[in-house]
Amino acid sequence: MTALWALVVRDVRLALRAGGGTLLAAAFFATVAALVPLGVGPDLQLLARIAGGVLWVAALLATLLTLDRLFQVDFEDGSLDVLALSPVTLEAICAAKMAAHWLTTGLPLILLAPVLALLFNMNTEAYGVLLLSLGIGTPALTAIGHIGAGITVSLKRGGLILSLLVLPLEVPIIIFGAAAVMNAADGGQTALLLLAAFSLGAVILSPFATAAAVRLNLGS
Amino acid sequence: MKNDRSRPAPSLANPKRFLEIVHVILPWVGTLAGLLLLGGFYWALFEVPPDYQQGESVRIMFVHVPAAWMSLFVYGLIAVSSFVGLVFAHPLADVAAKTAAPLGAVFTALALVTGSLWGKPMWGAYWVWDARLTSELILLLIYFGYIALWYAIEDPARAGRVAAVFALVGAVDLPIIHFSVNWWHSLHQPASVLRMGAPTMSAAYLWPLGIMALGYTVFFIWLWLLRIRTEVRKRRLRSILLQGSTG
Amino acid sequence: MMHYLDMGGFAAFIWPSYALSVLAITTLTVWVLRADRRAHDMLKRIEQGENRNRQAVSL
């Protein structure tokens, strides 16, 4: 158990460093959110209407950025092979890495989102749902992205294809997550429940799929 | 059952038999496909009566629905092949999945284009984010990702297995994606919007639709067998050349 | 005849749909057949080359 915890701490430390992913993801999130009004115009009513959807899309894109770092460093210096042989199962290791990734990418996005929602003049009653939906949904983003990272671990510049693989799979997350916020006034609870169901499934299944993909990549 | 992953794919003992069978049945499959398609196209264009609501534009259904059906059917085959390849390590499973993918992608693209052309007379716009078309679009993206994986990973054996994992994850996610898109669509559209592809299915429509669907399927199988044969030959080629250079 | 060209006013949608479908079918057919032919020819040549080598060695 302590080995897993040590792994989480190590990955978190790596991500929080200057070259790590946390600031990058947060900055990207903010940038995308700031660009949309520049594209669609400063009409506050329009922005208020689309706020939930835009923030969700931005969160989805920002999460993609830090995914290939999940395994990249360990793969390149061979420590991934060592990890695969350790007494702790690869599935547990993947789960630990997922936790670390969410802590350093998902959590910052959740904290940053309300500030960005201000830029969009989002309705006040939607703030709670925004946080809730991101809280439920970002683990799913991490989980699915994790599978993609495992699949592309052996590719040198796998970031682009990782995005292509992961984005279609994450469609349900964005549909349910954004719908929860966009319909916050008239319930949107179904959306949250559906999001929670998907998220639960993804988080549980992801370590197995990821470990399988990593093993196959290391195997040949 | 041999389960060696450390050696390159076991060579051509099994596939030789397979190639012999393919050589024999290929002309028959091709002829059957040709007849079905010719008959189906003629029937759909010239014999089918126009629909009460949609008029002549219902004819597009006969090229749209079979293409959409194929896009899903082929992905199912890829998923099954991937599963067989991962679990049983059958030497042809990888090849089967790899060769089917571009064909499935073409059918998906065809379904999208014909669906869009059908949508314009029906709803007045080329793309209205209809639930089924949107799902097809996402399916096309998944096809692209799958094919890109095959290109990106150099070792064919590893590419086959990793792509298989992606195909299976996609297979699990696709029903969920479809459900979520349906749900999303119903959220934003009033229920009275005319649903695509819903003329009352009288026998006059069912039969030509069946012929077309069958024709597309047999045509795909013909192409698929050909592509598998080509791929097996290419691998044999590569192994000969490799042996020659080291030998 | 005019009826078929006109298709109740939907000609602009029906004919392109069918044309594209036929185009896709023929293009796939040509592409797959050509690739198969190429692989077949190359394999034939290489295997004949191998046989010649073996004959030369055995002489």
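**Chain contacts in a predicted model**

Of the two pairs of chains in contact, chains B and C share the most contacts. The model is predicted.

**View 1. Chain B against chain C.** Chain B gives 37 residues to this contact and chain C gives 30 residues. Together they bury about 3,000 Å², with 80% from carbon and sulfur atoms. On the chain B side, B:Glu56, B:Arg233 and B:Leu237 lose the most area to chain C. These residues account together for 19% of what that side buries.

**View 2. Polar and charged links between chains B and C.** Three salt bridges cross this interface. One salt bridge joins the side chains of C:Asp36 and B:Arg233, at 3.2 Å from N to O. Five residue pairs are in polar contact. On chain B, the elements giving two or more residues are α1 (13-47), α2 (61-88), α3 (93-123) and α6 (203-246). α6(B) supplies the largest share, 14 residues. By class, the chain B side has 24 nonpolar, five polar and eight charged residues.

**View 3. Chain A against chain B.** Here 25 residues come from chain A and 29 residues from chain B. The buried area is about 2,300 Å², and carbon and sulfur atoms give 80% of it. Zero salt bridges are counted between chain A and chain B. Two residue pairs are in polar contact. On chain A, α7 (126-151), α8 (159-169), α9 (171-182) and α10 (189-219) each give two or more residues. The largest share, eight residues, belongs to α10(A). The chain A side holds 19 nonpolar, five polar and one charged residues.

**View 4. Chains A and C.** No contact joins chain A and chain C. Their closest C-alpha atoms lie 25 Å apart.

Technical notes:
Residues are numbered from 1 along each chain as its sequence is written. Chains are lettered from A and ligands numbered from 1 in the order in which they are written. This is a predicted model: local features need pLDDT of at least 70, side-chain atom pairs count only at pLDDT 80 or more; totals for chains, interfaces and linings use all residues. Side-chain values use heavy atoms; hydrogens and water are left out. Contact means heavy atoms within 4.5 Å. Buried area is the accessible area (1.4 Å probe) that two parts lose on being put together, summed over both. A salt bridge is a side-chain nitrogen of Lys or Arg within 4 Å of a carboxyl oxygen of Asp or Glu. A polar contact is a pair of N or O atoms within 3.5 Å; within protein, one must be able to donate a hydrogen and the other to accept it, and residues adjacent in sequence count only if both atoms are side-chain atoms. Helices (H or I, at least four residues) and strands (E, at least two) are DSSP runs, numbered from the N terminus. Ala, Val, Leu, Ile, Met, Phe, Trp, Tyr, Cys and Pro count as nonpolar, Asp, Glu, Lys and Arg as charged, and the others, Gly among them, as polar.
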